[in-house]
Amino acid sequence: MSNKSDSPSTDRRQFIGGTLAAAGALTLAPGVILHALAANDKATAGASGEHRWGMVIDTNKCADGCSACVDACNSEHALEGHDRPATDAVWIRPVKLKDKQTGHVNRLVMMCQHCEHPPCVDVCPTNASFKRVDGVVLVDRHRCIGCRYCMMACPYKARSFVHEALSDQSVNAPRGKGCVESCTLCVHRIDAGGMRTACQEACEKEGHAAILFGDLNDPESEISRVLKTHNSVQIRADLELNTGVRYLNL
Amino acid sequence: MRSSLISNRRLILLLTVLLTPAMQVLAESAYVTENSKAAVLERCVAPTDVMRRNHMDFLRHGRDDTVLRGVRGLEYSLAECIDCHASTDASGKAVSVADEGEFCQACHGYVAVSPACFQCHRTTPDSAAGRESLGYRFNANPRHPVGQPVDGETDHEQ
Amino acid sequence: MSKMYYRELYCGAPVRFWMGLATLGSIIAIGLGAAYYMEHNGHWVTGMSNQVVWGLPHVFAIFLIVAASGALNVASIGSVFGGPLYKPLGRYSGLLAIGLLAGGLMVLVLDLGRPDRLIVAMTQYNFKSIFAWNVILYTGFFAIVGVYLWTMMDRSVGKYNRPVGFAAFFWRIALTTGTGSIFGFLVAREAYDAAIMAPMFVIMSFSYGLAFFIMTLITAYIWGDREIGDLRLTRLKNLLGVFVGAVLYFTLAQHLTNLYVSQHHGIERFILLDGGVYTQMFWIGQILIGSILPLFLLYSPAFDKSRWAIVAASVAVLIGGFFQIYVIVIGGQAYPMTLFPGKEVIESGFFDGQVADYAPTFPETALGVAGIALALAMVAVGARVFKVFPETLED
C-alpha cells in the first residue's frame with residue numbers, strides 16, 4: 001500500500017493508517033481490544049454457565065389483593081401504564097385460580113418462566129430472543145425487529161410489545177417502541193452480584209416471602225434446598241420446556 | 001484481495017477529502033456542554049479524537065458484551081456517557097443529550113446521523129432508586145477527577 | 001396449434017388505464033400514510049395488542065403471499081406438467097405471482113415494530129425459526145420467478161424453461177409450506193399446533209392463487225378488448241372447482257382431527273359453535289361464501305360457460321379465503337391459551353382465560369388494502385410494459 005506512487009501526504013496517511021488500524025482492530029479482533037480495555041476497568045466477569053438462575057413461587061404465601069411485586073417490577077424497570085391494559089407492558093401478573101372440580105383456590109404470579117428450551121428463542125428470526133448461558137431468557141433490543149412471533153410462541157403470555165414511544169426509561173432496562181420485552185429476572189442485579197430480584201424484595205417487605213430467587217445449579221442454595229424438599233410443579237410441564245420458575249402448592 | 005484493498009483505500013481517500021471540512025469544524029470546537037460533569041473533567045475515557053472517531057464502535061462492542069454476555073462495568077458505557085455529558089439547566093434539572101445543541105445532538109445533527117441509541121436508552125442521567133445495583137456502577141468513585149493524570153493514555157490506541 | 005403472439009396490454013380507452021392506475025396509486029399512498037401513522041405513534045393506535053399480536057395486516061399479508069404462490073400454478077402446469085392450453089398463460093402467471101408477493105411483503109414489513117431494521121432480518125438468521133427461512137423463501141421466490149419469466153420471454157434462454165420451471169415449482173411448494181408452518185409449530189397455542197397446517201396452506205394457495213388469476217385474467221382481456229376461448233376458461237374453472245373442494249376437505253380433516261383430542265375441544269367449540277364473530281366468519285365466510293357458493297357456481301349446469309359465474313366464483317373464493325385466514329390468524333389468538341388445565345381463572349393481571357377482543361382500525365385496514373392495490377398496480381404496469389398477454393386466447 002505504501003509504495004504506491006500517488007501516495008498521499010504523510011500526515012494524511014497517518015490519519016488513514018490510524019483509522020484503518022482502529023477499524024481493523026475493532027472489526028478483526030473486537031474481543032481482544034475490548035477485553036484488554038476491560039482489564040483496566042472493573043468490569044464484571046459476565047454470565048457464567050455454572051449458574052442457572054431461577055425462582056420458586058409459593059402459591060400458599062401469595063396474598064390476596066397484594067400487588068407489591070408488580071409495583072416493584074414496574075418501578076424497577078420504569079414500566080409505565082397508559083390505562084390501556086391490552087397494550088401496556090406486563091412483566092409480572094397475579095393470577096387467581098379455582099379448581100373446576102374441587103373449588104380449591106390458588107393465587108400466584110406469572111412472568112417469563114425462563115425455560116431451558118424457550119419457544120420464543122426457537123422462533124425468533126433474528127436471534128434477538130436469546131438465552132444467556134446462565135439461563136436467563138432476554139430480548140436483545142438491538143436486533144429485535146418487532147415481528148411478535150415470540151409472543152405467538154410463548155406458552156405463558158409473558159411477553160409484551162412496546163406499543164408507544166417511550167422516554168425516561170430506567171438504566172436498569174433500556175426499552176423502546178416497536179420491540180418485544182419481558183421479565184429479565186432482574187438481570188442487572190444478577191450481573192452486579194445481587195441475589196434478590198425486585199419482586200422478591202417487595203414480597204419479603206410485605207411479609208409474604210412467596211418469591212424466592214436463586215441458583216438452581218448450586219445444591220447449597222436456598223432455592224435448591226426448597227425444591228429438593230418440596231414438591232414443585234412447572235406450568236405447562238407437558239411442553240417439557242424445563243422452566244426456571246417453579247411453583248409450590250399449586 | 002489486493003484489488004479490493006486498493007479500492008477500499010480509494011474510497012477512504014475520497015471520504016476523507018469530502019469529510020475534511022466537517023472534520024475541521026469538529027476539530028476546532030472543544031465541544032463539551034457547559035453545566036455537565038464532563039465540563040470540569042480533564043478528559044474522557046479515551047483521548048478526545050479517539051472518542052470522536054470511534055465512540056460508536058466502542059459502544060457497539062460494549063453493548064454486545066453487556067446484553068449477550070452480562071459483562072457490566074465496561075470502560076465504555078452509554079449510561080456513563082450520559083451521566084457525564086448531560087448538562088443541567090438553570091434549575092439544576094438534567095437536559096436530554098438529544099436536545100437541540102446538547103452533547104449528542106450537536107454533532108449528530110451537524111452530520112445528519114440520527115443516533116438510534118435513544119429509541120431505547122434514556123437521554124438523561126438516571127437518578128431513580130435502584131441504580132446502585134447496576135453492574136456498571138461498581139466503581140462508585142468518579143473515574144477521572146480533575147487534575148489527576150489518567151494512566152495508560154496510550155493503551156487505548158492498540 | 002397456431003403460433004402464439006404476445007403483445008403489451010393496452011387498454012381500449014387509455015383514460016381508463018391511467019385512471020385505474022391513479023386510483024391504485026392513491027390507495028397505496030393512503031396505505032403508506034397509514035403505516036407511517038402506525039409506526040410513528042406505535043401500535044397502540046391499531047386494534048392489535050399484547051393479546052392479539054397479529055392483526056388484520058397479517059391476514060392481508062398471509063392471504064397475498066399464499067395467493068402469490070398459487071398464482072404461479074398455471075405457469076407450472078404449462079411448463080412442468082406439459083399442459084399446452086396453460087402454456088400461453090405462463091407469463092401472466094409469473095407476473096401475477098411476483099405482484100401478489102410484493103404486495104403481501106409490503107404489508108408484512110410495514111407492520112413490523114421496527115421496519116427500519118429490515119436489514120437485521122436480512123443479515124441475522126436463526127435457522128431454527130421458520131420465519132427466518134421464510135425471509136429466504138420469499139426473496140428467493142422473486143429471483144426464481146424472475147428467471148422463470150425470463151426463460152419464458154426470451155427465446156435464447158428458452159431451453160432452460162423446463163428446469164427453471166421445476167425449480168420454481170418446488171420453491172413455491174416450499175414457500176407455502178413455510179408460510180403454513182408459521183402456524184404449524186406453535187406448541188403453546190391450541191389453534192396452531194397441527195402439522196396439517198402446512199399442506200393445507202399449499203392447497204389454499206392453489207385455490208386463492210387460481211381465483212386471483214382467473215379474475216384478473218378475464219378483467220384484463222375485457223380491458224384490452226382481447227378474446228379468451230371458452231375451452232380454456234372451462235379448464236381453469238374446473239381446476240378451481242377441484243382446488244376449492246380440496247380446501248374444504250382439508251378443513252374437514254383439520255377439524256375432525258382436533259375434535260378427537262379432548263384437549264382441543266375448547267378451541268373447536270370456539271371456532272365452530274360459540275366464538276361469535278369467528279364462528280360466523282367460519283360458517284358464513286369460509287364455508288358458505290368461500291366453498292359452497294363457488295362450487296355451485298362452477299359446477300351447476302345453469303351457469304355452463306357463463307363468464308359472469310366464473311368471475312363471481314373466483315371472487316367468492318377470495319372472500320372465503322380471506323375469512324379463512326382471518327379465522328386462523330385472529331380466531332386462533334382470540335381463544336385464550338390454557339395455562340392451567342382443570343382450573344378456572346377468577347382473577348388475572350392480564351386477561352388469562354378470557355377471549356381477547358380485536359377490532360381492526362382504519363390504519364391497519366388501509367395498509368392491508370394497499371397491499372392488494374400494490375399487487376394490482378404491479379400487474380397493470382407489468383402487463384403494459386412487457387409482452388405478457390397473448391394477443392388472443394381463442395381456442
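**From a chain contact to single residues**

Where chain C and chain A meet in this predicted model, the contact takes 39 residues from chain C and 46 residues from chain A. On the side of chain C that touches chain A, the elements that give two or more residues are helix H5 (118–123), helix H6 (130–153) and strand S2 (343–348) of chain C. The largest share of that side, six residues, is supplied by S2(C). Sorted by class, the side of chain C that touches chain A has 18 nonpolar, 13 polar and eight charged residues.

We now turn to chain C on its own. Two packed helices are described by the angle between their axes and the distance between the axes. In chain C, helix H2 (residues 56–71) and helix H8 (residues 197–223) pack at an angle of about 80°, with their axes 6 Å apart. Because angles of 65 to 115 degrees count as roughly perpendicular, H2(C) is roughly perpendicular to H8(C). Residues of H2(C), among them C:Phe63, C:Val66 and C:Ala67, meet residues of H8(C) that include C:Phe201, C:Met204, C:Phe212 and C:Phe213. By class, the contact of H2(C) with H8(C) has 12 nonpolar, five polar and no charged residues.

The last stop is the backbone. Most residues other than glycine have a negative phi, and with this in mind two residues can be picked out. In A:Asp168, which is not a glycine, phi has a positive value near 55°. This residue, A:Asp168, lies in the loop of chain A between strand S6 (160–161) and strand S7 (180–181). Is A:Asp168 buried or exposed? A:Asp168 counts as exposed because it has 12 C-beta neighbours inside 10 Å, and a residue with 12 or fewer is placed in that class.

In chain B, B:Asn35 is a residue other than glycine with a positive phi, here near 60°. B:Asn35 is found in the loop between helix H1 (2–28) and helix H2 (48–69) of chain B. With 14 C-beta neighbours inside 10 Å, B:Asn35 therefore counts as partly exposed.

How values were computed. Residues are numbered from 1 along each chain as its sequence is written. Chains are lettered from A and ligands numbered from 1 in the order in which they are written. This is a predicted model: local features need pLDDT of at least 70, side-chain atom pairs count only at pLDDT 80 or more; totals for chains, interfaces and linings use all residues. Helices (H or I, at least four residues) and strands (E, at least two) are DSSP runs, numbered from the N terminus. A residue is buried if 20 or more other C-beta atoms lie within 10 Å of its own, exposed if 12 or fewer, and partly exposed in between; C-beta atoms are placed from the backbone. Axes are lines fitted to C-alpha atoms, for helices over the stretch in contact, and angles run from 0 to 180 degrees between N-to-C directions. Angles under 35 degrees count as roughly parallel, over 145 as roughly antiparallel, 65 to 115 as roughly perpendicular and the rest as oblique. Two residues are in contact if their C-beta atoms, placed from the backbone, lie within 7 Å. Ala, Val, Leu, Ile, Met, Phe, Trp, Tyr, Cys and Pro count as nonpolar, Asp, Glu, Lys and Arg as charged, and the others, Gly among them, as polar.
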